[in-house]
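This report goes over the fold and the packing of one protein chain. Please look through the model before reading on.

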Amino acid sequence: MKKLLYLFLLLFHQFFYAQSAKKNIPCYDLNTVLKVQPTTLYLPHLEASRSFKVKLLENASHVQKYINKGKFHTVKKKGKGYCVQKLDYSRAYLVSKAKTTLENIGAKFSKETKGQLFTVSSLTRTLEDQCRLRRVNSNASLGISSHNYGNSFDISYVRFNNVLKNNPKLEASLEKVLKHYADLGRIYYIKERQQSCFHVTVRNY
């Protein structure tokens, strides 16, 4: 009986240790991630992101470090002209200039559409968040994303006023606002067809 109990405890200990070790192993290989070359279109987004002096966010503790330093600021669930959807694979934080720019984009969109709301579908992501996202979305970036620096966000162009539905008129109004800020040199943006969103990166203007 004692031998069986000892064997059970030994097996339990080995299983627990294996699970604990597994949790501590990142679900991504940093060397592999760094080797992925960005497209010519995407390169300016990464260059803009790195100009904010935020190091590549690998995990939640890295995000918390910048929160503690006052570098990252909370994005409210709802503001003038925008709302943030439930975030499963990103975090509602941005650097100060990105947060202000998002609020300005929302306010201008609201003014031009007489109070309509667009939906922010993604904000700051760590490499771990990105890895989890790839498990459910094979289109998620394999390399470094500008989301990994706290100054990028995605805006859905198929969800307005919390309704998932194509709305060409509001989509055009949203892109008009984004083009305005791009022309001012404050943002870069890409229309992502597969994700049905505008990927927006705030420049360090």
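Which residues in the largest nonpolar core touch the most other members? The model is predicted, and in it this core has 32 residues, of which Leu 102, Phe 118, Val 120, Phe 153, Leu 174 and Leu 178 touch the most other members. Two or more residues come from each of α4 (60–68), β3 (82–84), β4 (93–95), α5 (96–112), β5 (118–122), β6 (152–160), α7 (168–183) and β9 (197–202). With neighbours within four places in sequence left aside, Leu 102 is in contact with Val 75, Tyr 82, Leu 94, Phe 118, Val 120 and Phe 153.

Another core, of nine residues, lies apart from the largest one; Val 33, Leu 46, Leu 127 and Ile 144 are among its members. In soluble globular proteins, nonpolar side chains tend to be buried together.

Helix α6 (residues 127–136) has Leu 127, Asp 129, Gln 130, Cys 131 and Leu 133 as its buried residues. The cover over these buried residues includes α2 (30–35). An α-helix has 3.6 residues a turn, so residues three or four places apart point the same way.

Values for the chain are as follows.

| Property | Value |
|---|---|
| Secondary structure of the chain | seven helices and nine strands |
| Buried share of the 205 residues | 39% |

As for contacts in the chain between residues at least 6 apart in sequence, 68% join residues at least 24 apart.

Terms used: Residues numbered from 1 in each chain as written. Predicted model: local features only at pLDDT ≥ 70, side-chain atom pairs only at ≥ 80, totals over all residues. Heavy atoms only, no water. Buried < 20%, exposed > 50% of the residue type's maximum accessible area, 1.4 Å probe, protein only. Helix = DSSP H or I, 4+ residues; strand = E, 2+ residues; numbered from the N terminus. Contact = heavy atoms within 4.5 Å. Core = buried A, V, L, I, M, F, W, Y, C linked by side-chain atoms within 4.5 Å.
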